[in-house]
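This briefing looks at one helix and at a few aromatic contacts. Please keep the sequence and the structure at hand while you read.

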Amino acid sequence: MVASLARRFGDLDVAEEAAAEAFAAAAERWPREGVPPNPGGWLATTATRKAIDRLRRETQRDAKHQEALIVYDDTPPEPTGPVEDDRLRLIFTCCHPALAMEARVALTLRLLGGLTVAEIARAFLVQETTMARRITRAKTKIKAAHIPYRVPWAADIRERLAGVLAVVYLIFNEGYLASEGDDPMRVDLSDEAIRLGRLLRTLLPDDGEVAGLLALMLLTDARRPARVSRTGELVTLDEQDRGAWNRALIAEGNALIRERVEATATAGEPPGRYQLQAAINAVHTDAPSARDTDWSTVVALYGRLMLLDPSPIVRLNRAVAVAEVDGPAVGLAEIDRLADVLDGYHAFHAARADLLRRARRGGESRAAYDRAIGLTGNSAERAYLTRRRDQLTS
Amino acid sequence: MSLVPRYLLSVYGPAERTELGTSTSGKAMPQATADVGAFTERLRRDGHFVFADGLEPVTTATTVDGQGERTFLTDGPYLVTEEQLDSFWVVEAADLDVALVLAAEGSRACGGAIEVRPFRTEGSEGTLLQP
């Protein structure tokens, strides 16, 4: 509803407040007078009236008043089509590249997600006033700079959609492995990201990367029940209780991957980064035990991912898989080549520590665990790394 | 007041121009001048053009403060920064996406980064003459 009001009135604040007023009116009237025959239509009409009232109150200028009257139409809202178009427009507006990444994340969670400003602030460990200011500033820029409220032009849509997916994946990752704070996982954020992923999938059912991102999040989230031990320690993939994995999410993720495999086979369009990462996760969730993991396929998939994204992080992940196929020494040789760029990244030292341990180089392994422990902000990961370090014999 | 949003596209350059003959990024000057001319012509042709010009270096600026009983004059710019406004376009564009496309073209033409800033419109807060 906020999305369709925003399109009509071209103002996010007016839309948001009008929607809130309509819900408040419903909460007051429906218990007394009964629920109207078409509750959705009632809410939409009430919110539109409230928005017009607000515009009238807020401005004495005739021009704006006229503008509001022109866009006001009495026809009842269509059941689905235009509503979904409006939400898609809203996503592209919230994730506009002219807004800073943190502003995009906050706006998306506020306007498309179900989180309050207080909840978003808590999730990102900032003061509520700070988060409120961040959202207000972003909305002010949208209005003042005339950031358009529409789906981007065909020439830009790929790049802009990639930006939207990046926002959703960032939200998911922050929920899945919180970078700081006392809670190792922020379930509200990963749930919200999956909800946004499902929404995008409804809006853009034919897009491979939209399906890929949703599959990736589902397959990752399926392992959540096994990821932190009762003592609050991170459990790595090879030690997880696979019986605790969420089979329904895995089935849903696998169905999406099968759909994409068939689509890429017929259309010939190569899979993008999210589809490849989803496929890598499917290799893990398909293995009945860690020992059964098809590591050569994982290495091959990371190789394809490297062609799209030769970033040090992707190379690090590939090196870890290489160590499973060719032994820790080969993996270590690849990892050590990344030392310059990834020296400040906790996962680099954690991966290195593990391979050094397996290569029976205890002293170096201990030093690498110390670096990883010092760099991670996640309490469960710190607990896991500390135990591993203290188990070293030499 | 125009209903089409207006944007200021600004190009910044070093406060003191020591070397004549290159643009801020070192693009050869005759080429940059020709490209900027072509870009400005395209703005006119497509109805985006409002105004454009280039400025003398800030070393030629005078800052005037007439708030007190006596008017104070200072030799130089109001803000002392290493880079200063060098030239600018004022364009009309339907929305920010259109303005950003224009700015990218302008940036390639002049060989420098461009700041895109919207003009105040009716309903936006603050008035022109408030400090």
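In helix H18(A), the buried residues (under 20% relative accessible area, with exposed over 50% and partly exposed in between, for a 1.4 Å probe and protein chains only) are A:His346, A:Phe348, A:His349, A:Ala350, A:Ala351, A:Arg352, A:Ala353, A:Asp354, A:Leu355 and A:Leu356. This is a predicted model, in which local features need pLDDT of at least 70 and side-chain atom pairs count only at pLDDT 80 or more, while totals for chains, interfaces and linings use all residues. Residues are numbered from 1 along each chain as its sequence is written, chains are lettered from A and ligands numbered from 1 in the order in which they are written, and side-chain values use heavy atoms, without hydrogens and water.

**Helix H18(A)**
- Helices (H or I, at least four residues) and strands (E, at least two) are DSSP runs numbered from the N terminus, and H18 of chain A covers residues 346–358.
- After H18(A) comes A:Arg360, which has a positive phi, near 55°.

**Aromatic pairs**
- Rings of Phe, Tyr and Trp (its six-membered ring) pair if their centres lie within 6.5 Å, and planes under 30 degrees apart count as stacked, over 60 as edge-to-face and the rest as tilted; by this rule there are five aromatic pairs over all chains.
- The pair A:Tyr169 and A:Phe172 is stacked, because the ring centres are 6.4 Å apart and the planes lie at 10°.
- Both A:Tyr169 and A:Phe172 belong to helix H9 (residues 154–176) of chain A, and both are buried.
- B:Phe51 and B:Phe88 form a tilted pair, 6.0 Å centre to centre with 40° between the planes.

Technical notes. Expected span 1.5 Å × (residues − 1).
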